[in-house]
Amino acid sequence: MDRFWSLLFLAVPVLGLLIVLGAVFNVGLQNAWLPESIGPRTEGIDYLFNLFHIIVAVVFVGTGLLLAYSLFRFRATNRQVASYVHKSIWLELLWTIIPAGTLVFLAMHQLPYWQANKEDHRAFEPAGAGSSDLETPTVRVVAYQFGWRFIYPGLDGVFDTRDDVISENLLVLPSHEEIVAELRSLDVIHSFAINKLRLKQDIVPGLSPRIWFMITQNGDWEINCMELCGWGHFRMSARLRTVSPKDFEDWLMEIVQTRGY
Amino acid sequence: MKSADSQFENRESVVPQQPGFWRHYVFSTDHKVIGLQFLFSALIWLLMGGALAMAIRWQMAWPWTRIPIIGSWLFQSEGGQISPEFYTMLFTMHGTVMIFFVIIPLLLGAFGNYLIPLMIGARDMAFPKLNMLSYWLMWPAFISLLMAFFAPGYGPGAGWTAYPPLSTVWEASPGSGWAQTLWLISLLFVGVSSILGSINYIATILFLRAPGLDMLRLPMTIWGLLITAILQALALPVLTVALVMQLMDRHLGTGFFTPDNLIINNFETVGTVGQPLLWQHLFWFYSHPAVYIMILPIMGMVSDILCCFARKPLFGYRPMVYSMCAIAGMGFVVWGHHMFVSGMHPFMGTVFMISTMMIALPSSVKVFNWLATLWGGRIHFTTSMLFSISFISMFIIGGLSGIVMAANSIDEFVHDTYYIVAHFHYVLFGGTIMGVFSALYFWFPKMFGRMLNETAGKWHFLLTFVFLNGTFFPMHILGWRGFPRRMADPYFSGQFLDLLPLNRMITWCAFAMAAAQLIFIVNFFYSMFWGQRAGKNPWHANTLEWTVDSPPPHDNFQHIPTITRGPYEYSNPEHDEDYWPQADDSAGLEESINTPATKASER
Amino acid sequence: MFGMFNSKSLVIPAGFVSIAVTALLFAGCGSEPQFHMNAVHKLTLETEFQDGTPIPEQHIQQVGNLLTAFFGTPDQPHFPAGHESLVDPERLERAAGPVPSDLSSGRGLYRKHCSHCHGISGDGVGPTAASLNPYPRDFRLGKFKFKSTKMYRPPTDEDIRRVLKRGIAGTAMPSFALLPDDQIDALVDYVKYLSIRGQVERALLEELTNLEEGEDLLPPKTDANQEDYDYALELVMELVDPILNKWTKAETKVVPLNGLPDDFGQRMYFYSDVGKKLFFGKANCVQCHGETGVGDGQTENYDDWTNEWLKRANVDPYKREQVQPFLEAGALLPRKIRPRNLRQLVFRGGSRPEDLYRRVKAGIEGSNMPAAPALSDAEVWALVAYLIELPYETFIKEQ
């Protein structure tokens, strides 16, 4: 029976690893790893995601095997007496320094990606800078219970003028162009999330955070609200449509013209 | 310290009167009775929280179909189909119940109360009446949370995190009315109860230890409880204040958390200039340390149980203590990792990312020390030991996924997906609840004088362990795909429809896991009355609680023992037995020779 | 091994208990949900015409039987024969019934997406309804606010489809744009079905109050009374047919977009100034929408769905004892409506000029927004121009 229990705990790393490998290499599990990518923004995040999972998998399998092996080898039916060992300063140092080094490496290694996605951009407002220093966003996203309103500045490129173009629950964007979006909420906290861009930004009422991204494919994608915003949270999704820049201009012009401007 | 001891010498002369039924079982100041009261209330709420989880899983697997039992009872006219706000109530209440009514009362209320005086050689808590008060303050909390279920809107629906303005504006959601107020009141009582309890624990552990029991001779269980109590005493007032502020926002027209000019459900907030981020900071300033409150005591208990059944001293006692202290200290500076995508300054994201990465270090030190404790031992696979080993195994998974999420770029992707759900269920179910089972199987003989049935226990373990992994491991896969949490119908847009079969598999495993708990319930009550008699020290353990009768008498010890060695003297070559109790003078140890456990080990 | 002793006997009962409880879990005794009778309307009629004397149960039963004969049940709906062009039976079947466990089949759509607000019967009192502001629409009056047709005319399919796809910003009605088109079509037909069914129900209930003592709406069919039965059925069909015909002819009652000035786009400022004068003058928008357009002019009214029983049964909304019976019958607590805040950038019925034109020209059915027969087409367009301009007009709110 003791051997059975050791095998049971051996099954954890073995099965766990098999499932992860199956997911990554699409064996037995379809579409179980990261969703498809539609923009350059995902490159860094996907790289980190894979890197972290490789390191974590090594530790997971290593400790899991060690645990199962020691359960198997030191089972009571196999030994008469336990060894009387209290401590080992060298071992303690070893398993403090190696994880510490790994963690510091991981922390430092992923810093640039966070900076690239969050800070290093002219749309980001550094402390002390006035909002006038910022460029005009491509689109202003207004979230409310339970929908999305997308406001384009229109032909004059200035918001809050009467040629603003308003689109409800449909965000049309040019592909291959960098998009800066300003997010606002009318009521509660929402979160603007595009799964296939690995993008997520909470919209706390009173704050107007900015995001930037680029989509390199034309097609229809989903925008989800990813922060609980009430009973209809799950309904709060909108269509994201990327078209070629020329088609985008046409679409904008068409709306502008039907509005009579 | 001297004075405290002499206080006890005085109390020894006072022979307690035999109290009546009410004083003995209900309004008792005895820490053991209070501990058991906490234990039973928490286990009942565990059933409640589990039932809520089953309803959640039903909706994830067969959305909008008739939920068994609830459907024919609550939503008869709708064909038994639940409404979305009912679903938001389900996960809100599941989280609230499990955290505030199950895990924290189980760890600190039940095991803390029961074990602290026994393990440190004290007759009772430092403040027995305060102790009683801390239990009875749970009852207003229980009652108001139960009332919240029956408030309009089926109960609070703002998540257990209760983010404003959803939670502060009455109109924001069907559950944001009286239900939310009752929820806040309930948590306020829990908070006050826990503050009283933790002060009591700190005082007891610091001042009522038996002579010779230095801080570095304390069992890890007591270390875990002490550090947890300190964490709670420091962090809970912040939450309590935040709860009061939210109550004031809701009822007195203040605006701590509610910005001006919001239009929520056509209600306009006027003249309030608050910021919801403030609540997030205050809430997580408590609730992140709360994560460690929910794991540190179990880490301590598991350390003790591992040593006992590996018959081997704890490997690296001091590093274990230091790493616990480090987890507690650093636990106060990592709360911002819950807010990576909240819109706070990205630089703060960097700071919190680094501190979060670093808090993985003491946890990993603990895991390696546990592994080294097992290495070279003589491992007896009792049910309690199996649960403890599974704690390590599961905690590794939960901890490692924590490192992945600590990277804020990755968190931006997995935030609010099932990856998070998988992570904290591995830590809180795979870790804490499995540890609680381990501790229950371990200390049940002490509590009730009888052994839990081992065969049933092993079936219970096997089924729980298998289906626990069947339930929560696939949630990682959901998370890798970005499957969102807290959505009543994530398949709404068709985006995640291909994950439906996986969700059904998870749900089946969850049902099977729930069914496996029935074995435990039957075993628990059967063994309580008809189980094998345990004797004083069925496990041949070293710590002080095993030197007294099972169950221990009122005032615990006939004579306060004098402690001459640490708690982990297992398999010491200088001693004949493979265990060496902390106190030499315990009169009754020889009685344990005839226990079934001893016989079994002789076979 | 430590503390190990065999007691297999314990495992067996434990196993039995597990199986029993699991079986109980899945036993969920299922009963098919039914359309709820329009109890509010029944109570209204009793109060209005019969001084509170209840309508005989037997008559209510007959109405129910007729409705089931015409329209079926929530799980098995059908539609009066000969009107397939109005409501496609195939679409009806896709939208009706319980949500299936095979989610990709696209069935049970109404209960999946709509019924928790609009109710199984389309009565607007689903479990979520009470906390929403405005309340979800009760389809049974056959009134729809945001449509292209004239006042008192049913909407076209395209109108309902547009609302489903856009959602109604400023209310709890979400957008269903992510659903496939065929599912939207099925829902459109089901909404029409519920609305027509509700209207027929109301007509039949009203007819009950005209019956003489001892008379039946539709007597039980026997060989002896074949003629009576046919005659009664004919009378019933006389009530039903106009409702169906109205819906059939909806497309022909669209408000035409007449008189759009050629230079409308180029001379917005000019037209907007004209519109502003109309707003305060001839059109008298200011009376309800207020001087600043934030909708604070007239805030004491109720909409038609509330007035339906409030006015007809002469209930004082401030007297709890008068309101209470209606609440128990399924009405929602009366809530006053506010004229639209015109400065919120987004209009519920759509912000395109043609939408605004139709709102002004034909009014908004069910609300207090009247049609504007006195205004010429050019004046309406001028008002539209002003409405487009209004959200960007700066103002100082007078206290």
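Strand β4 (residues 170-174) of chain A runs parallel to strand β10 (residues 237-243) of chain A, and five bridges join the two; strands are taken to pair if DSSP finds at least two bridges between them. Helices (H or I, at least four residues) and strands (E, at least two) are DSSP runs, numbered from the N terminus. The model is predicted, so that local features need pLDDT of at least 70 and side-chain atom pairs count only at pLDDT 80 or more, whereas totals for chains, interfaces and linings use all residues. Residues are numbered from 1 along each chain as its sequence is written, while chains are lettered from A and ligands numbered from 1 in the order in which they are written.

**Strand pairing in chain A**
- Within β10(A), A:Val243 is the residue that stands opposite A:Pro174.
- β10(A) is also joined to β9(A), by six bridges and in an antiparallel arrangement, and here A:Gly219 has A:Thr242 of β10(A) as its bridge partner.

**Domains of chain A**
- Chain A is divided into domain 1 (2-78 + 87-118) and domain 2 (133-258), with bounds that come from an automatic or database domain assignment.
- The C-alpha centres of these two domains of chain A lie 37 Å apart, and their contact takes nine residues from domain 1 and 11 residues from domain 2, where contact requires C-beta atoms, placed from the backbone, to lie within 7 Å.

**Contact between the chains**
- Chain A gives 85 residues to the contact and chain B gives 88 residues.
- On the side of chain A that touches chain B, two or more residues come from each of α1 (2-24), α2 (41-73), α3 (89-118), β7 (199-203) and β9 (219-225) of chain A.

**Domains of chain B**
- The assignment for chain B gives domain 1 (25-294), domain 2 (316-532) and domain 3 (538-597).
- Nine residues of domain 2 of chain B are in contact with seven residues of domain 3 of chain B, and on the domain 2 side the largest share, five residues, comes from helix α16 (residues 418-448) of chain B.

**Helix α6 of chain B**
- In helix α6 (residues 128-136) of chain B, the buried residues are B:Asn131, B:Met132, B:Ser134 and B:Tyr135, a residue being buried if 20 or more other C-beta atoms, placed from the backbone, lie within 10 Å of its own.
- Seen down the axis of α6(B), these buried residues fall within an arc of 160°, so they line one face of the helix; the arc is that of the directions from the helix axis to the C-beta atoms.
- Their cover includes α3 (31-61), α5 (84-120), α7 (138-150) and α8 (178-207) of chain B.

How values were computed:
Contact = placed C-beta atoms within 7 Å. Buried ≥ 20, exposed ≤ 12 C-beta atoms within 10 Å, placed from the backbone.
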